[in-house]
Structure formats: C-alpha cells, structure tokens
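Please work through the following exercises with the sequence and the model at hand. Each task is followed by a solution in steps.

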Amino acid sequence: MAHVQVANGVRSSLYVGDLHPSLNETQLFQLFSQIGQLISVRVCRDLSSGRSLGYGYVNFSNPQDASRAMNVLNFRVVNGKPIRIMYSNRDPSIRKSGTANIFIKNLDKGIDCKALHETFSSFGNILSCKIATDVWGHSKGYGFVQFESEEAAQCAIDKLNGMLFNDKQVFIGPFVRKEKRKFNNVYVKNFSPTLNEDDLTNIFGEYGSITSVVVMRDQKGKSKGFGFVNFEDADDAARAVDGLNGKTFDEKEWYVGKAQKKGVREMELKEKFEHKNERVNQYVNPMYPLCAPGVGQQLYYGAMIPPQSGFGFGFGFGYNQQLLRARTGLVQQNGQPPLMHPPQMSTAEQQRRLVGNKLYPLVEQLEHKNAAKVTGMLLEMDHTQLLHLLNSPHALKAKVAEAIDVLRNDNLLVS
C-alpha cells in the first residue's frame, strides 16, 4: 500500500485555501481557535503588494484538534467563499507527482467541493479535493481528488467512472500532469513574415504526417508571424517541438510548443505565479531565536499566538501587535528582524537572475507599478522564451498584457 509519508508535526498544521481576498489573520484565528489551541495562523501575501494570495496556514498545538477542524470547518463559507482545508505538506514532490490523484470531468455545475468530498470520502482518506472555477467562482465542470493511497484512488475510479452525478454521466480517471499529456496541435511563433504555409509544411513535415497548417494573418493578408501545425500523430508533434523550439531561421529564433487556448495559457501563468510565491514563502523559514527558546516555544510562519489556557509560555508582545508585524515579515522572539541566510543559488538560478535584471527595466517601461510582480511571473517561462522576450518588444508587450490580466482577475493588480 502506497501511503503518503507525513511528519508528525505536519499533522498539526493545516493548509487553508480558496480564501476570500479580504480574509485576514484575525478572522482566521477567530474561526479556528473555536476548535482548539493554536500556535500560529498565517495568510500568505504577495511580497510586494501585501495582498492575500488566497491561502494560508493554521498550526494547532495537537493533531486531534487539527483533525477536528478538518471535519468541522472544511468548506465553511467565510466572507462569501467556502474555504478548503487539508493537511499542510511542505514537500512539493508529493503534489507534483500526482500520486493517487484522480480527475473528474463533466460535472454538473451545481456540484461543489463539499459534495465532491462527501462522494469520494467513502473510498479512503482524502488529501485534497478541488473543483476548478472561473474568476467569478463558478464551476468549470471538472475537478480533482487526491487520496492518501493509490488503492483508494483506483477503487474510486473503478466504482464511479461512468456513473450519473446529478443526471450527468461523469468521466473519472487518473490525473495526468500537463507535461505528460499528448497533443497534436503545435504553435509556432516569431517566424519571418515572408514565410507561408508551404514553407511551414516543408519544415515540420520532416517530423511526421501533417493534417493542416495555418499562418495567422491580419485583415490585409499580412502574416502576423505565428501559426499552427497539426500533426496526425502526437509523438510526431512532440518530436517537432523538441527539434524546432529555439532554432533560428532567417535570423529569427522560433518558439515552438503545444498549442493552447488563451484561457489555458492564462491559467498556467497564474499557477506558475502562485507556485513562485509559494516557493518564495518557503524561504521565509521559521527563524532561529537569538537565545534558546523556552520549553514548548516554537517559531512558526506568520503570526505567533499569545499564551492561551494550557500554554506555559509567551512571546513577549501582544497578539494584535504581532499580527501587524506579520504583514510586513517575520519577527523573532524579541521583536527584532530575523537573521536571513539566503540559500546558495545554482548556475540556472544565477542565469535567471541575470535575465531578470535585463528584463525588469523593459517591463517597467510597459507597466511601472506592477513591474516587479510581472517580471517574477515572466521569469517562470522557459529560458528560450525569455531570450525571445528580450529581443522582441512585440512579444514582451503581449506577455506583459497577459500577466496583467491574470493579476487583475486575482485582485492583485496595483492600480
């Protein structure tokens, strides 16, 4: 049986997602302290604007209270949005691996996360349950459930795939990560305006049989410098991407990749932005105090909670004062700024920083107030794409516009 290994301490720590932008640490504390004694609460925020990223962490003093909070408060509507709770796990490899994760599609729009959780919980312990929603919070008709074991996930697939949920037949199968999904349609951009469909057919035809080719043109018939090539076989499409992406033709470096709808590209950009912030937040590590902590004393992410009934220690300053400081960064036990020890950068990270230093002033010219945030989002792109942005003002302008749309939809835009 393949179980997700979770450290004992993490069983007392909860991830709280789908938070309304207005929900703060005080509300989070008031909600979860009804269940049991807390060590800390934190709403994760954008480092430059201070705005909520829509998720946070709650640390209980014992795992029993954490478990009860999961059962009692999961999907509770707070500030107009149902919150989503699961055990916190700082190891991203579990989430990224897709272990015991299933995909459900063709869901009735009336089915919410709570109903989905109740339906699948009979098959085993659920680590995460989520329904994809648009910017207005409406269901997109598909969702994901990650179990603790592969056996539970497979049992749910075997029993429920093809069943009717609210009179709609659903498809349930193993979740396949984006990078492993096959595709036939290839997107190519930054080619010479003199290139036509025949030229693309000759170049891409070396990788396999092609069913269609199109060069996108303006109203006057002039090439826009990008187009699409559809292969008969998905393996040929993948080989074409590997073989042609980053290649130079007519002194222009091509970008070749999987063709995606604009909405999908925006969602991926949003996910990369959120993951980047999550990784950055991980570097704001619990800090070590200047002197040894007292019995039972711990330093956690975000706000530290003052002594409660049953606690035999304190932190030396008031709760409200601490919450105020938590918005601007961590503080140590004595209220002094923590000693930061930045991790050593790899060669790739150093290279990305150099690109970022060149990219930032270009972005700042297009979007002054949100330059740092947008640059961080763009730096999640492939290196070849970044080089293309540095050399193509038109491509950079388009990508900056996409990033601004994502920030605006998430209420993270500094106006």
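This is a predicted model: local features need pLDDT of at least 70, side-chain atom pairs count only at pLDDT 80 or more; totals for chains, interfaces and linings use all residues.

Residues are numbered from 1 along each chain as its sequence is written, and side-chain values use heavy atoms, with hydrogens and water left out.

**Exercise 1. The whole chain**

Task: State how many helices and strands the protein chain has, and what share of its residues is buried.

Solution. 
Step 1. The protein chain has 13 helices and 19 strands; helices (H or I, at least four residues) and strands (E, at least two) are DSSP runs, numbered from the N terminus.
Step 2. Of the 415 residues, 42% are buried, where buried means under 20% relative accessible area, exposed over 50%, and partly exposed in between (1.4 Å probe, protein chains only).
Step 3. Among contacts with a separation of 6 or more, 64% join residues 24 or more positions apart; contact means heavy atoms within 4.5 Å.

**Exercise 2. Helix α2**

Task: Determine which residues of α2 (residues 63–73) are buried, and what they pack against.

Solution. 
Step 1. Asp65, Ala66, Ala69, Met70 and Leu73 are the buried residues of α2.
Step 2. Viewed down the axis of α2, these buried residues fall within an arc of 145°, so they line one face of the helix; the arc is that of the directions from the helix axis to the C-beta atoms.
Step 3. Their packing partners are β1 (13–17), α1 (25–32), β3 (52–60) and β6 (84–87), whereas Gln64 and Asn71 are exposed on the other side of α2.
Step 4. At the N-terminal end, asparagine 62 caps α2, with a side-chain oxygen 3.1 Å from the backbone nitrogen of glutamine 64. Just after α2, phenylalanine 75 takes a positive phi of about 70°.

**Exercise 3. Helix α6**

Task: Identify the buried residues of α6 (residues 197–204) and the elements that cover them.

Solution. 
Step 1. Leu200, Ile203 and Phe204 are buried in α6.
Step 2. Down the axis of α6, its buried residues fall within an arc of 85°, so they line one face of the helix.
Step 3. The cover over these residues includes β13 (185–189), β14 (210–217), β15 (223–231), α7 (234–244), β16 (248–249) and β18 (255–258).
Step 4. The face turned away from the buried side carries the exposed residues Asp198 and Asn202. At the start of α6, a side-chain oxygen of asparagine 196 comes within 3.1 Å of the backbone nitrogen of aspartate 198.

**Exercise 4. Helices α12 and α13**

Task: Describe how the axes of α12 (residues 383–391) and α13 (residues 393–409) cross.

Solution. 
Step 1. The two axes come within 5 Å and cross at roughly 115°; axes are lines fitted to C-alpha atoms, for helices over the stretch in contact, and angles run from 0 to 180 degrees between N-to-C directions.
Step 2. α12 and α13 are therefore roughly perpendicular to each other, a term for angles of 65 to 115 degrees.
Step 3. The contact involves His388, Leu389 and Asn391 of α12 with Pro393, Ala395, Leu396 and Lys399 of α13.

**Exercise 5. Two strand residues**

Task: Find which side chains make polar contacts with asparagine 59, and where cysteine 44 lies.

Solution. 
Step 1. Asparagine 59, in strand β3, is buried with a relative accessible area of 5%.
Step 2. Its side chain makes polar contacts with those of serine 13, at 2.8 Å, and serine 40, at 2.6 Å. A polar contact is a pair of N or O atoms within 3.5 Å; within protein, one must be able to donate a hydrogen and the other to accept it, and residues adjacent in sequence count only if both atoms are side-chain atoms.
Step 3. Cysteine 44 lies in strand β2 (residues 38–45) and is buried, with a relative accessible area of 0%.

Note on methods
Angles under 35 degrees count as roughly parallel, over 145 as roughly antiparallel, 65 to 115 as roughly perpendicular and the rest as oblique.
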